[in-house]
Amino acid sequence: MAALLDTTIVAVALDELARDLSATVTVIQWVTTSYVLAMTAVIPLVGWSVGRFGARAVWLTALGLFLLGSILCGAAWSAGSLIAFRTLQGLGGGMILPVTQLVLARAAGPERLGRVMGKVGFVGQLAPISGPVLGGVLIDGWGWRWVFLVNAPLILVSLAMTWRWFPRDEVRDERRLDLAGLLLLPAGVVVLLYALTGLETRAGIGTTTLTAAAGVGLLAAFIARSLRRAEASLLDLRLFADRGFRSGTVMMFVLGVTSWGPMFLLPLYYQRLHHLSALDAGLALAPQTLGVALASLLAGQYADRLPPRPPALAGMAAATLGTLPFVFATPDTDTLLLSVALLVRGVGFGVTGLSVSVAVYRTLRPAAIPHATSASTIVQRIGAATGTALMAVVLQAGGFAPALAWMFILTATGLVMAASLPGRS
């Protein structure tokens, strides 16, 4: 719950963080990007560490890291220190979500996966719904530090409940950890995103090109090494030979870009152009996550019986329609109209996200589920970091108008990509 809460509670704090820590938009976006990248980097450890130490031990470790990172973030004294502590917090948060998903996928099985994920998705979305609102209350009342410190009581309760009720594992996997892959993949992604942000800072074209080439080289080395090592690699890339997994994972990347990028952009849009307080901005954003939660609950009842493509296409069409009003919005546009648009956008993402999650697992053998969980979640997190960095670059370089136009273009691209999902059960 706390890890999910932290994905949105920080969104409404970015404007105050930029002012209080004297940081530009492209610097302050690393408060979000570093968190997402840390979550991405640690995900491959989940499958290996659960097999080696058991889900209970990994869960306790994740909660401990997240608690320590949250406390240190609350004590940060500069943008650099906050970004560093957010990285530590992301290491813990990155393990929490996939461990939850892995345990649920194992317990539910392919036949009940859609129903289980729909119900859990509804409960999980209560955190993102309350995040912007709670963040606004904390910022307006006590300041941005409490956006991080509020996690402490939640984690302490979770630790107590885990110690009392989380079952112990019996099976142990002695597979060795691919340390080289664990270094190559995050390094490649970070270098590429650094090259992307260099476009806004007007770094020399030669330097930016060399940085991007280095990132591509690191990722190419990771892919070549992983294909040689097969199951012994950090990620089993042979899973991408399965059409359902491949198309679902590509859509997860698209969803990461189209949902996390606006999660960074929209709070700043409401606070700077519509002059809303942090609390009012949080309330204005809540309809989108409410739409995701309702769609997850309702669509989960049918996800196991329908092929992924039709609901995903319908969902992305709704999300694209809900994004369109922002392209033509002005500072005088009624925020109630925009909230209705966000509700529609959220419903669309909720339907699509659930369909894509089921598509990833539907055609895989049970033994492949841990590897599939790691691979698909990593791709989604890379999409999230890419979307955040891209929105920051466009916003800093051109302002809100082009940034909102890009938000629509990316969502419409998701509609086109949804056609690649399997059309049959």
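Visitor: How many helices and how many strands does the chain have?

Guide: In this predicted model, the chain has 17 helices and zero strands. Buried residues make up 55% of its 425 residues, and the accessible surface comes to about 17400 Å², of which 69% belongs to carbon and sulfur atoms.

Visitor: What share of the contacts with a separation of 6 or more comes from residues 24 or more positions apart?

Guide: Residues 24 or more positions apart account for 85% of the contacts in the chain with a separation of 6 or more. Ala401 belongs to helix 17, residues 400-417, and counts as exposed because its relative accessible area is 60%, over the 50% cut-off.

Visitor: What does Tyr269 touch, once its neighbours within four places in sequence are left aside?

Guide: With those neighbours left aside, Tyr269 is in contact with His274, Phe326, Ala329, Thr330, Leu338, Phe400 and Leu404. Tyr269 counts as buried, since its relative accessibility is 1%, under the 20% cut-off.

Visitor: How do I read a pair of aromatic rings, and how many aromatic pairs does the count come to?

Guide: The idea is to look first at the distance between ring centres, and then at the angle between the ring planes, where an angle over 60 degrees counts as edge-to-face. By this rule the count comes to six aromatic pairs. In one of them, the rings of Trp77 and Phe85 have their centres 5.8 Å apart and their planes at 75°, so the pair is edge-to-face. The two partners are placed as follows: Trp77 is exposed, with a relative accessible area of 64%, whereas Phe85 is buried, with a relative accessible area of 17%. Another pair is Tyr269 with Phe326, whose ring centres lie 6.1 Å apart with planes at 70°, so this pair is edge-to-face as well. The pair links distant parts of the chain, with Tyr269 in helix 12 and Phe326 in helix 14 (residues 309-327), 57 residues apart. Phe326 is buried, with a relative accessible area of 0%. Ring pairs also link Tyr269, Tyr270, Phe326 and Phe400 into a cluster.

Visitor: Is Ser247 buried or exposed, and which backbone oxygens lie by a polar atom of its side chain?

Guide: For a polar side chain, one can look for N or O atoms within 3.5 Å that can form a donor and acceptor pair. Ser247 lies in helix 12, residues 243-272, and counts as buried at 7% relative accessibility. A polar atom of the Ser247 side chain lies 2.9 Å from the backbone oxygen of Arg243, and one lies 3.3 Å from the backbone oxygen of Gly244. Not counting residues up to four places away in sequence, Ser247 touches Ser420, Leu421 and Pro422. Turning to Ser81, this residue is found in helix 6, residues 79-124, and counts as buried at 7% relative accessibility. The side chain of Ser81 reaches the backbone nitrogen of Trp77 at 3.1 Å.

Visitor: Which residues other than glycine have a positive phi value?

Guide: Among them are Ser22, with phi near 55°, and His275, with phi near 55°. Ser22 is found in the loop between helix 2 (14-20) and helix 3 (25-28) and counts as exposed at 69% relative accessibility. His275 is found in the loop between helix 12 and helix 13 (278-299), and counts as exposed at 65% relative accessibility.

How values were computed
Residues are numbered from 1 along each chain as its sequence is written. This is a predicted model: local features need pLDDT of at least 70, side-chain atom pairs count only at pLDDT 80 or more; totals for chains, interfaces and linings use all residues. Side-chain values use heavy atoms; hydrogens and water are left out. Helices (H or I, at least four residues) and strands (E, at least two) are DSSP runs, numbered from the N terminus. Buried means under 20% relative accessible area, exposed over 50%, partly exposed in between (1.4 Å probe, protein chains only). Contact means heavy atoms within 4.5 Å. Rings of Phe, Tyr and Trp (its six-membered ring) pair if their centres lie within 6.5 Å; planes under 30 degrees apart count as stacked, over 60 as edge-to-face and the rest as tilted. Accessible areas come from the Shrake-Rupley method with a 1.4 Å probe; for residues, only the protein chains shown count as cover.
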